[in-house]
Amino acid sequence: MRKTDYNGQTYWQNEIKAGKLKGHKMSKDTVQEDVVVSMEYTLHVDKEEIDSSKGQDPLQFLAGHGNIISGLEREMIGMKVGESKDVIIAPEDGYGEFDEEAFMNVPRDNFPKDIPVEEGTELTVKDDSGQSRYARIDTVDGDTVTLNFNHPLAGDELHFNVKVVGLREPTDEELEHGHVHQDGHSH
Ligand code: ZN
């Protein structure tokens, strides 16, 4: 799930702007494609809380555009504001199965000086096609560093509790881009 900073003021400005542009208020009252959803959530894995919106502003996402994990979005379709739900997501609908093959050995010399070469360091690695990929250092054995490309939650069953706290229409630009624009997001 992608987490973005949220700024109450920007949110309301967007909402007013969207209303003006479209000439009407939000007419949809359930989570569905092309609606911006504000949600509170808690995520447990193996009964341990590993992420939550508690103490933060709600997470916003544009439904139907792959902004959050597919299994969660599918379960949220049709929810109304104020409704909450427990959702269990299997690995294949979450962050994927753990892939034993997704490891790579890299010589220590290949790492820039400012990256701490130690177990657990998370980094972004460009692959041969120039795509950025998440990786973390799994083990360091002499001059050989093993990178693990699995998402930290790969293979985990995800237990979400979600609550829909707001729905609004996207701005034309948000719809065009396929994601929510909030404070700090610029192109
Ligand atoms: Zn954008």
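**Figure 1. L175 in helix 3.** L175 belongs to helix 3, which spans residues 172-177; helices (H or I, at least four residues) and strands (E, at least two) are DSSP runs, numbered from the N terminus. The model shown is predicted: local features need pLDDT of at least 70 and side-chain atom pairs count only at pLDDT 80 or more, whereas totals for chains, interfaces and linings use all residues. Residues are numbered from 1 along each chain as its sequence is written. L175 is partly exposed because 15 other C-beta atoms lie within 10 Å; a residue is buried if 20 or more other C-beta atoms lie within 10 Å of its own, exposed if 12 or fewer, and partly exposed in between, with C-beta atoms placed from the backbone. Apart from neighbours within four places in sequence, L175 is in contact with D34 and P170, contact being defined by C-beta atoms, placed from the backbone, that lie within 7 Å. The C-alpha atom of L175 is separated by 9.1 Å from that of H65, although the two residues are 110 residues apart along the chain.

Figure 2. D34, a contact of L175, is located in the loop between helix 1 (8-22) and strand 1. Its phi is positive, about 70 degrees, although D34 is not a glycine. D34 counts as partly exposed because it has 14 C-beta neighbours inside 10 Å. D46 lies in the loop between strand 1 and strand 2 (48-52) and has a positive phi of about 50 degrees, again without being a glycine. With 8 C-beta neighbours inside 10 Å, D46 is classed as exposed.

Figure 3. Four strands, in the order 5-8-7-6, form an open sheet with antiparallel pairing; two strands pair if DSSP finds at least two bridges between them. Strand 5 (103-107) and strand 6 (122-126) are the edge strands, each pairing on one side only. From one strand to the next, the twist averages 45 degrees, where axes are lines fitted to C-alpha atoms, for helices over the stretch in contact, and angles run from 0 to 180 degrees between N-to-C directions. Strands of a sheet pair through backbone hydrogen bonds, either parallel or antiparallel.

**Figure 4. Strand 8 and its two partners.** Strand 7 (residues 132-141) pairs with strand 8 (residues 144-148) in the antiparallel sense over five bridges. Along this pairing, D141 stands opposite T144, and V140 has V145 as its bridge partner. The hairpin of strand 7 and strand 8 has two residues between the strands, and in this hairpin G142 takes a positive phi near 60 degrees. Strand 5 is also joined to strand 8 by five bridges, and these two strands run antiparallel. Here V106 stands opposite V145 of strand 8.

Figure 5. E100 is found in the loop between strand 4 (84-89) and strand 5. E100 counts as exposed because it has 7 C-beta neighbours inside 10 Å. Its C-alpha atom lies 9.1 Å from that of N148, a residue 48 positions away in sequence.

**Figure 6. The largest nonpolar core.** This core has 21 residues, of which V31, V37, M39, Y41, F61 and F160 touch the most other members. Strand 1 (36-45), strand 3 (59-62), helix 2 (70-76) and strand 9 (158-168) are the elements that give two or more residues to the core. A nonpolar core is a set of buried Ala, Val, Leu, Ile, Met, Phe, Trp, Tyr and Cys residues joined through C-beta atoms within 7 Å. Not counting residues up to four places away in sequence, V37 touches V31, Q60, F61, A63, V164 and L167. In soluble globular proteins, nonpolar side chains tend to be buried together.

**Figure 7. The whole chain and its confidence.** The protein chain has three helices and nine strands, which run α-β-β-β-α-β-β-β-β-β-β-α from the N terminus on. Of its 187 residues, 20% are buried. Among contacts with a separation of 6 or more, 68% are between residues 24 or more positions apart. The mean pLDDT is 85, and 83% of the residues reach 70 or more; pLDDT is the predictor's confidence in each residue, from 0 to 100. Over residues 1-24 the pLDDT is below 50, and this stretch has 31 contacts in the model beyond near neighbours in sequence.

Definitions and conventions
Two residues are in contact if their C-beta atoms, placed from the backbone, lie within 7 Å.
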